[in-house]
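Thanks for asking me to look over this model with you. Here are my notes, point by point.

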Amino acid sequence: MTLLQTDLELTKNSYYAATAPRGQRYPALQANVDADVAIVGGGLAGLSAAIELADRGYSVVLLEARQVGWGASGRNGGQAIAGLACDQSVVESELGRGDARLVWDMTMEALRLIGERRARFGIECDWRGGYLGLAVNERKARELRAWHDQMQRDYGYETRWIAPQEMPQWIASPRFHSGIHDPQGGHLHPLKYSMGLAAAAASLGVRIHEDSAVTAIQPGPVTRVRTAQGSVSASHVLLAGNVYLQGIAPVLESRVMPVGTYVVASEALDAKLAESLIPSGSAVCDTNFVLDYFRPTADHRMLYGGRVSYSTATPMNLAASMQRRMARSFPQLKDTKVEYAWGGFVDISMNRAPDFGRLSERMHGAQRGEWANVYYLQGFSGHGLALTGLAGKLVAEAIAGDAERFDTFARIRHRPFPGGRLLRTPALVAGMAYYRLRDLL
């Protein structure tokens, strides 16, 4: 089964799709049109860039192969968390402490941006504040406490430390040792948020076209982006399709891997039981390398994510295996039914840092100049709900002539996954087996 076929199967039983029916639809592109900027990808990054560019007076056409929010943007765990998927030490080693602090501060800006857009555009997306990062044992707790102290000292990141004796106030689970609470993080319904951003972009004059997969890009001072039934000629292009670019930019493919991640939603729980599980109503992640993440929903379900597939094959008996993971954290839910089980693919970079840049930087020789006006955003590595919004803002700043913040991210170096197209997946599967073992130990 191909990645696309697998992905289509993974969309069929999504809680988000069931609770956010699509009202507004956008027509397929069926003409040759002009724009200042063409955006490929109707997820959170592309929609964010479209809003920012429209605010700056640019004419924008956004092309989405399926429907807005169809990929990871509309199927993720819904958790808005500070920072990047990689540790800050990775950023420090690349950029130095000063610019690493700027990157961290921008991730905090990304959280605020969600609130600003919700308020400005009246987006109802079940937002609830609060994030818990929890350690599953004493060794993990020591690592988390050291990180908490360092981030407070070096980055001004204020979180509350939760000692073991305090844990029952925060989570009704025997699995967790201690943790941190960040009131600035939170969670939302990502498909409602994505569709809200699309409506916002359209209200600003952005021309959105769904069912308009890009088939080719013809570079030049005015770049032509082709679909099956039309084209967009634009002075600037943004590639925001992540693992769904499907050969449009082969030079980017080796820099990210499509990794499957999976989520279930329980049946609706008794309201008192639901509220007792996580009294603060926060989103929760453990600190394992291969982590579990979960949160309550507005209709009193437990939404529980975890498991990953580095081979792109969906795990057997997905709903049942995820129910067991949920019951391991919450024995109270051992007889609770799972009503929804879905998943999708995220774009993991080798170092788990985001990969932003211009396509010309990936080219060699005479090709470089031809692609200088084509930007890309990828490599969010499963930590993109908030960061995608900021990424769209940064690329809009760069197109408008102020590339300083965009180029700070672009300076983070990225290596291709080893092994080429045939061997990189087995190599990654073997590597992740090591990290799973380390988590267990």
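**Notes on the model**

1. D126 sits in the loop that links α4 and β4; helices (H or I, at least four residues) and strands (E, at least two) are DSSP runs, numbered from the N terminus. The phi of D126 is near 60°, a positive value in a residue other than glycine. D126 is partly exposed, with a relative accessible area of 31%; buried means under 20% relative accessible area, exposed over 50%, and partly exposed in between (1.4 Å probe, protein chains only).

2. Before going further, a word on the basis: this is a predicted model, where local features need pLDDT of at least 70 and side-chain atom pairs count only at pLDDT 80 or more, while totals for chains, interfaces and linings use all residues. Residues are numbered from 1 along each chain as its sequence is written, and side-chain values use heavy atoms, with hydrogens and water left out.

3. R352 also has a positive phi, about 65°, although it is not a glycine. R352 belongs to the loop between β15 (338–349) and β16 (355–358). Is R352 buried or exposed? At 18% relative accessibility, R352 counts as buried.

4. Strand β4 (residues 128–135) is mostly covered, with 6 of its 8 residues buried. Strands pair if DSSP finds at least two bridges between them. β4 pairs with strand β6 (residues 178–187) in the antiparallel sense over 7 bridges, and with strand β12 (residues 283–286) in the parallel sense over 4 bridges. L132 stands opposite H181 in β6 and opposite V284 in β12.

5. Now the nonpolar cores, each a set of buried Ala, Val, Leu, Ile, Met, Phe, Trp, Tyr and Cys residues joined through side-chain atoms within 4.5 Å. The largest has 62 residues, of which I39, I208, L377 and F409 touch the most other members. Helix α4 (residues 88–121) gives the most to this core, with 10 residues. A second, separate core of 26 residues includes L10, L132, I162 and L277.

6. How do α4 and helix α5 (residues 138–155) pack, and at what angle? Their axes, lines fitted to C-alpha atoms over the stretch in contact, with angles running from 0 to 180 degrees between N-to-C directions, are 11 Å apart at about 45°. The two helices are therefore oblique to each other: angles under 35 degrees count as roughly parallel, over 145 as roughly antiparallel, 65 to 115 as roughly perpendicular and the rest as oblique. Residues in contact (heavy atoms within 4.5 Å) include R97 and W104 of α4 and W147 and Y155 of α5.
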